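This briefing goes through the sheet, the helices packed on it and the charged pairs. Please keep the structure in view while reading.

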Amino acid sequence: MGCLSLDKKITEKLEWGKYVSPISDKNLSPFNWYSFKHRFGSELVSRMFSMFGLSKGHIVFDPFCGGGTTLIKAKLDGYNSIGLDISPFSVFLSNVLTKSYNVSKLSNTLTIISHEVNPGVEIPDVAILNKSFSDSSLKYIYSLRDSINVLQRQERDFFLLSLLSILNSVSKAKKSGGFLRITDQKKVPAITIKILFIKTSEKLINDVKTFKYSGASAKAKIGDARKLPPFIKRESCDAILTSPPYPNRHDYTRIYELELLLGFINSNRTLKNLRYDTLRSHVEARKRFNANGYVKPLLLEKRIGELNNRELNNNQVISTLEGYFEDMHLSLKEMASVLKPRKHIGLVVSNVRFAGVMIPVDELLAEIGEQVGLKLKKIFVLRYRGNSSQQMLRHKREPARESLIVWQK
């Protein structure tokens, strides 16, 4: 695919740019029940549904379901949906946010949740926990978690979500870009956490009254987009809408480390293994699959060559980029296998820049998609993202595109 032909396939659609960020859903339930910062807005999903001409009962697949936006919007609009993610937290989030609840049962359950501290409660031996909370608060949080875990499944998941949703506000560890940053704020006492949990739970219960789901099915499961599980049948999906991790070194197992440790992972070793298994978008992920049939794009060869002549703040940046596009080749190949003929894939990605070298992720993935038999329809530029302050100091400002790539099978 030559550069001239690709240029004709790139067009701006900046009026959609405001829907790339989840900020557009800040007042919309249930999207705002948990602040998952690394997801697109529901209106962007709605517009992709319309673009792809979906009908009631069609099956939508999201192989990187993250914060669950695709599944939630599909459930609201009457489309069946399947989500997949390697993170148990993302799978949990997607499933909890697509369920219907009984308000009376939730209200009654909230009154019986124990807030007593179990002095013998088991807490994972992971440094971030002790840095984030006082000893008494940590024991209260895990005791509350254990009290929630004995509830019936629907109520258990609902109140666990409520607890997870307040962690960022009661912890010294704050989400900052691609990592958790320990702030200098005082550690929040247990009584404050208790009050906030009850208040948040009451708000969520009240929110249940404000929306009604269709009868469409929605289910997320743990799995790897590079090797899809057999329950997703070949040529069974009417559309694929997703946003994979960007190759910007953001590590979701670190960003959502507190949530993972509280609800799904009980040791540092298990957490590290999950980190190693993730898509190679960050420097700690490891190679897990061979990308048979992958041909490295010439444009990637050129940009890697430029990076080899630059001073990088991490020597693994180049191998991470190489691995990212290999992994995305595998992911796109799997997506193509489960998509019905003549149906579409919509994929939201962002270009990235290292040491002044722009990596045109959208163009590279467009070419890789064609390697696996997909036909590129269009690259829609949704918005332009500025450089980091460090990049701006050292290099001329060149904003990076955030784009929607559309292929047809």
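Two strands count as paired if DSSP finds at least two bridges between them, and helices (H or I, at least four residues) and strands (E, at least two) are DSSP runs numbered from the N terminus. This is a predicted model, in which local features need pLDDT of at least 70 and side-chain atom pairs count only at pLDDT 80 or more, while totals for chains, interfaces and linings use all residues. Residues are numbered from 1 along each chain as its sequence is written, and side-chain values use heavy atoms, leaving out hydrogens and water.

**Sheet**
- Strand β8 (residues 339–350) pairs with strand β12 (residues 400–408) in the antiparallel sense over seven bridges, and V348 stands opposite L404 in β12.
- Both belong to an open, mixed sheet of eight strands in the order β1-β11-β12-β8-β7-β2-β3-β6, whose edge strands are β1 (10–12) and β6 (218–222).

**Salt bridges** (a side-chain nitrogen of Lys or Arg within 4 Å of a carboxyl oxygen of Asp or Glu)
- The structure holds 26 salt bridges.
- D327 and R280 meet through their side chains at 3.0 Å, N to O; because D327 lies in helix α15 and R280 in the loop between α13 (268–277) and α14 (298–308), the pair ties together parts 47 residues apart in sequence.
- D327 is buried (under 20% relative accessible area, with exposed over 50% and partly exposed in between, using a 1.4 Å probe and protein chains only) at 0% relative accessibility, and R280 is buried at 8%.
- The side chains of R401 and E363 also form a salt bridge, at 3.0 Å, N to O, and both residues are buried.
- Salt bridges with shared partners join D224, R226, R280, E326 and D327 into one network.
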